[in-house]
Amino acid sequence: MLRICLVVCGRGASKRFASSFSSESALPSNLLLPTNLVDPARLKRPPPLPDCSLPVLRTCDAVVPAHLTPVHTWVETLEKQDSEPLGVAHLHPDVFAVAPRLDILHMVERWQRAYKRISHAHTKVRSEVSGGGKKPWRQKGSGRARHGSIRSPIWRGGGVSHGPRGPTSYYYMLPMKVRVQGLKTALSSKMAQDYLHIVDSLNLPTPDPQYLLDLIKQKHWGESVLIVDVGEEFPENILQATANLKTVNIIPAIGLNVHSMLKHEAIVLTLQTIKFLEDKLLWHNQRYTPLYPYKLPYSDFP
């Protein structure tokens, strides 16, 4: 009997061990997206191959570790709706291919919602409620319970004990390493889901909002798009095209955050934005001096 159990268990363990190295997906069936929910149009263009004939428009400025390889993605343009990719961009794997840490995404999302939250709930204590300056009846002889004020918390219309004393701030600060890792995880998740797109610039041929909506539909970028660019001023056409669109928003690269990326389905970055994000986020991997204690004027980045 013992030999039979060992044989059965050995066969099951070897089968699981062999399946872990097979070409099939390692995810269980309940975590796989049903085929009827996958848009077949988004699967037409596979990621670029290492020996792609298109020119390489951008390479990683920072040194890539020997055990990692750059992430290859297409570089598109906004000037034509049905245009082919202009070239290929190489992205740093320490920014756009990190492990998906959903716990860090949850921590950063909760922090972003809480640090600007202020509760204005306020109740009055017995000293702030009007009235109650006189003792309602004498201490002894009336047969009733002794009281010193009709504004006691046990009286109707009296003060509130242990109530909220707003305004209350829920502000707290996450460590800088956690916030940086949250940005990397959000960017990597969008890249893994094929919802992160690279464009050469934000130049539109027309300020017509319908042109931008048709372009997004033609390129299968999703229902909502967040456009990110470096610089204080954006092209006039892109500002006018997105002024009245609720599903297309523009944000500067210095203000890119986890909440905005999770709120939108697709992220569109320019080539200058890629360089900006890699420089700022990779700097935290190499810094050895603490950011605390604070020095005025305080600066997170070099």
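His 284 is found in helix 8, which spans residues 271–286; helices (H or I, at least four residues) and strands (E, at least two) are DSSP runs numbered from the N terminus. With a relative accessible area of 1%, His 284 is buried, a term that means under 20% relative accessible area, whereas exposed means over 50% and partly exposed lies in between (1.4 Å probe, protein chains only). His 284 and Met 176 are separated by 108 residues in sequence, and their C-alpha atoms are 8.7 Å apart in space.

This is a predicted model, in which local features need pLDDT of at least 70 and side-chain atom pairs count only at pLDDT 80 or more, while totals for chains, interfaces and linings use all residues. Residues are numbered from 1 along each chain as its sequence is written, and side-chain values use heavy atoms, with hydrogens and water left out. The pLDDT is the predictor's confidence in each residue, from 0 to 100. The protein chain averages a pLDDT of 84, and 80% of the residues score at least 70.

The nonpolar interior may be considered next. In soluble globular proteins, nonpolar side chains tend to be buried together. A nonpolar core is here a set of buried Ala, Val, Leu, Ile, Met, Phe, Trp, Tyr and Cys residues joined through side-chain atoms within 4.5 Å. The largest such core has 34 residues, and those with the most contacts inside it are Phe 96, Leu 187, Val 228, Leu 256 and Leu 269. Leaving aside neighbours within four places in sequence, Phe 96 is in contact with residues including Val 71, Leu 91, Leu 187, Met 191, Leu 269 and Ile 274. A second, separate core of 18 residues includes Leu 204, Leu 215, Trp 221 and Ile 227.

His 197 belongs to strand 6 (residues 196–199). Its relative accessible area is 8%, so His 197 is buried. Not counting residues up to four places away in sequence, His 197 touches Glu 76, Trp 221, Ala 266, Ile 267, Val 268 and Leu 269.

Helix 5 (residues 209–219) has Tyr 211, Leu 212, Leu 215, Ile 216 and Lys 219 as buried residues. They lie on the same side of helix 5 because they cover an arc of only 135 degrees around the axis, the arc being that of the directions from the helix axis to the C-beta atoms. An α-helix has 3.6 residues a turn, so residues three or four places apart point the same way. Strand 2 (71–76), strand 7 (225–229), helix 6 (236–241) and strand 8 (248–252) are the elements against which the buried residues of helix 5 pack.

Just after helix 5, His 220 takes a positive phi of about 60 degrees. His 220 lies in the loop between helix 5 and strand 7 and counts as partly exposed at 28% relative accessibility. Most residues other than glycine have a negative phi, and most peptide bonds are trans. His 162 likewise has a positive phi of about 60 degrees although it is not a glycine. His 162 lies in the loop between strand 4 and strand 5, and it is exposed, with a relative accessible area of 83%. Pro 167 is placed in the loop between strand 4 and strand 5, and the peptide bond from Gly 166 to Pro 167 is cis, with omega near 0 degrees.

The structure also holds 2 aromatic pairs. Rings of Phe, Tyr and Trp (its six-membered ring) pair if their centres lie within 6.5 Å, with planes under 30 degrees apart counted as stacked, over 60 as edge-to-face and the rest as tilted. The pair of Trp 111 and Tyr 115 is stacked, because the ring centres are 5.1 Å apart and the planes are at 20 degrees. Trp 111 counts as buried at 11% relative accessibility, whereas Tyr 115 is partly exposed, with a relative accessible area of 36%. Trp 137 and Trp 155 form a tilted pair, 6.0 Å centre to centre with 45 degrees between the planes.

The charged end of Arg 144 sits over the ring of Trp 137, 4.1 Å from its centre; this requires NZ of Lys or CZ of Arg to be within 6 Å of the ring centre and within 35 degrees of the ring normal. The charged end of Arg 117 sits over the ring of Tyr 170, 3.8 Å from its centre.

Terms used. Contact means heavy atoms within 4.5 Å.
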